[in-house]
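The questions below work through one protein model.

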Amino acid sequence: MTEREKKLHRACFTGHRPDKLIGKEDVVRLCLRRQIDAAIEDGYTTFISGMCPGVDIIAAELILEKERFNPDIHLIAAMPYPRFAFNWDDGWGERVKAVYYQCENSTRNLVCNVSKNYTGRGVFQVRNEWMVNHSNLLIACWDGTRGGTKNTVDYGIQKGIQFINCYPKN
């Protein structure tokens, strides 16, 4: 299968970090689960997470759950740079590491360090563009405010990939 053909079956995620999410995590998780299920029904098999605490990790955890029961499902952990977020406290660092190690120790999943090291905040946009450039669907959990999620959504729309916003409505 060519890269162009693979891209037709790939979806990526973008969304807010934990401090910007509305409501409880279980509400965000439910919204993401519905969109993931719909994407799988539409033939998407590979999902790309940017590995940031918040929406990215919640989505990655959901994909790893799906993968346990469906061998056709794959996760690409798109790290902005090696060991990103490993030292976050409040539990998110541990969740990032758990997803990372599950991908690294799997024959079906993949870790991709988009940049070799941290060179400034621009590494996050490089990672976001890489995800969009390798996907046909962008699943967002975005409240419409400015920031990295908006930049990713704008880039995805500019590139002409499908866009779904599953931000919970209180």
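Q: In which loop is Met51 found?
A: Helices (H or I, at least four residues) and strands (E, at least two) are DSSP runs, numbered from the N terminus. This is a predicted model, in which local features need pLDDT of at least 70, side-chain atom pairs count only at pLDDT 80 or more, and totals for chains, interfaces and linings use all residues. Residues are numbered from 1 along each chain as its sequence is written, and side-chain values use heavy atoms, with hydrogens and water left out. Met51 is found in the loop between strand E2 (46-49) and H3.

Q: Is Met51 buried or exposed?
A: Buried means under 20% relative accessible area, exposed over 50%, and partly exposed in between (1.4 Å probe, protein chains only). The relative accessibility of Met51 is 0%, so Met51 counts as buried.

Q: What is phi of Met51 near?
A: Met51 is a residue other than glycine, and its phi is positive. The value for Met51 is near 65 degrees.

Q: Where is Arg83, and is Arg83 buried or exposed?
A: Phi of Arg83 is also positive in a residue other than glycine, near 65 degrees. Arg83 has its place in the loop between E3 and H4. With 53% relative accessibility, Arg83 counts as exposed.

Q: What pattern does the protein chain follow along the sequence?
A: The secondary structure of the protein chain comes to six helices and six strands. Read along the sequence, these give the pattern α-β-α-β-α-β-α-β-α-β-α-β.

Q: What radius of gyration does the protein chain have?
A: The radius is taken over C-alpha atoms, and the globule rule is 2.2 Å times the number of residues to the power 0.38. For 170 residues, a compact globule would have a radius near 15 Å, which agrees with the protein chain. The C-alpha trace spans about 40 × 35 × 30 Å along its principal axes. The radius of gyration of the protein chain is 15 Å.

Q: Among contacts in the protein chain between residues at least 6 apart in sequence, what percentage join residues at least 24 apart?
A: Contact means heavy atoms within 4.5 Å. Of the contacts between residues at least 6 apart in sequence, the share joining residues at least 24 apart is 80%.

Q: Which residues touch the most other members of the largest nonpolar core?
A: A nonpolar core is a set of buried Ala, Val, Leu, Ile, Met, Phe, Trp, Tyr and Cys residues joined through side-chain atoms within 4.5 Å. In soluble globular proteins, nonpolar side chains tend to be buried together. The largest core here has 40 residues, and those touching the most other members are Phe13, Leu32, Phe47, Met51, Val99 and Ile139.

Q: Which element gives the largest share of this core?
A: Elements giving two or more residues to the core include strand E1 (10-15), helix H2 (25-41), helix H3 (55-69) and helix H4 (92-104). The largest share is eight residues, and it comes from H3.

Q: How many residues are in the second, separate core?
A: Among the members of the second core are Ile48, Ala140, Tyr155 and Ile161. This separate core has 13 residues.

Q: In which strand does Leu138 lie?
A: Leu138 counts as buried, because its relative accessibility is 1%. Beyond four places in sequence, Leu138 touches residues including Phe13, Val153, Ile161 and Phe163. Leu138 lies in strand E5.

Q: Is Asp56 buried or exposed?
A: Asp56 is found in helix H3. Leaving out residues up to four places away in sequence, Asp56 touches Phe13, Thr14, Gly15, Ser49, Gly50, Met51 and Arg127. The relative accessible area of Asp56 is 5%, so Asp56 is buried.

Q: Is Arg29 buried or exposed?
A: Arg29 is found in helix H2. At 16% relative accessibility, Arg29 counts as buried.

Q: How far apart are the C-alpha atoms of Asp26 and Asn105?
A: Asp26 has its place in helix H2, and at 52% relative accessibility Asp26 counts as exposed. Asp26 and Asn105 are 79 residues apart along the chain. Their C-alpha atoms are separated by 27 Å.
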